[in-house]
Amino acid sequence: MRRKILIVKGSCRKGSITNSIWKEAVKDINNIDVDIFDACSENFAFCNGCNYCEANGKCVHRDLDEFFNVFETADIILFSSPVYNGSFSAPVKALIDRFQVYYTTFYKNGKMQPIKKRRKGILLVAAGRNGENAAADMEKNLKCAFTILNMELAGSVLCSNTDTEPDYEEALNELKMILKRSLSDE
């Protein structure tokens, strides 16, 4: 049975550590389809708090409809982001903000999951220095979103010290392990 993995690519830099890690981690996995959403190159509108989704059950902006279709049907969603000022890169944060449509649907429908399929989420973070506090905050933010998105956190991976000597191999091996475990749990 083929599994679907969606990579939310949040690093805009060529030669990015996060991009290198997830590309290496998924390249030898059999029976998967990988979709990549490049949050840096996609031109999507930011959530502006207009409350259209609260009244209509969908976003006023239709630019992420295709993404949401893939997002809702993927078995695993890997959020990949460098640490920028202690949090996600701006494109990933903007994408997470667009999940507001799921929040309003969840609460409007008496706390019923707007996404029926249970999925797993993985966080991959790269930080110039230690990054532990930032990664913990990013994980906390995702866990909060996951409750509304019918997801569970399968694991988090931090590649620290990318400005000096990154722990690349350790992060790569950890991500491979989380992916393997997540795919066998399905």
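1. Let's start with serine 16, which is buried at a relative accessible area of 3% (buried means under 20%, exposed over 50%, partly exposed in between, with a 1.4 Å probe and protein chains only). Serine 16 sits in the loop between β1 and α1; helices (H or I, at least four residues) and strands (E, at least two) are DSSP runs, numbered from the N terminus. The side chains of serine 16 and threonine 18 are joined by a polar contact of 3.0 Å (a pair of N or O atoms within 3.5 Å; within protein, one must be able to donate a hydrogen and the other to accept it, and residues adjacent in sequence count only if both atoms are side-chain atoms).

2. A word on the basis: this is a predicted model, where local features need pLDDT of at least 70 and side-chain atom pairs count only at pLDDT 80 or more, while totals for chains, interfaces and linings use all residues. Residues are numbered from 1 along each chain as its sequence is written, and side-chain values use heavy atoms, with hydrogens and water left out.

3. Now the strands around that loop. β1 (residues 3-9) pairs with β2 (residues 32-38) in the parallel sense, over seven bridges (strands pair if DSSP finds at least two bridges between them). Between β1 and β2 the chain passes through helix α1 (residues 17-26), and this β-α-β crossover is right-handed: with the strands pointing away from the viewer, the path from the first strand over the helix to the second runs clockwise. Valine 8 stands opposite phenylalanine 37 in β2.

4. Which cysteines does the disulfide join? Cysteine 12 is joined to cysteine 40, S to S 2.1 Å (a disulfide is a pair of cysteine sulfur atoms within 2.5 Å). Cysteine 12 is in the loop between β1 and α1 and cysteine 40 in the loop between β2 and α2 (52-56), so the bond ties together parts 28 residues apart in sequence. The S-S torsion is about -85 degrees, which means the disulfide is left-handed. Cysteine 12 is partly exposed at 48%, and so is cysteine 40 at 25%.

5. Cysteine 50 is worth a look too: its sulfur is 6.5 Å from the closest cysteine sulfur, in cysteine 59, too far for a bond.

6. Finally, cysteine 159 in strand β5 (residues 151-159) is buried, with a relative accessible area of 0%. Its contacts (heavy atoms within 4.5 Å), not counting residues up to four places away in sequence, include Ile17, Ile21 and Tyr168.
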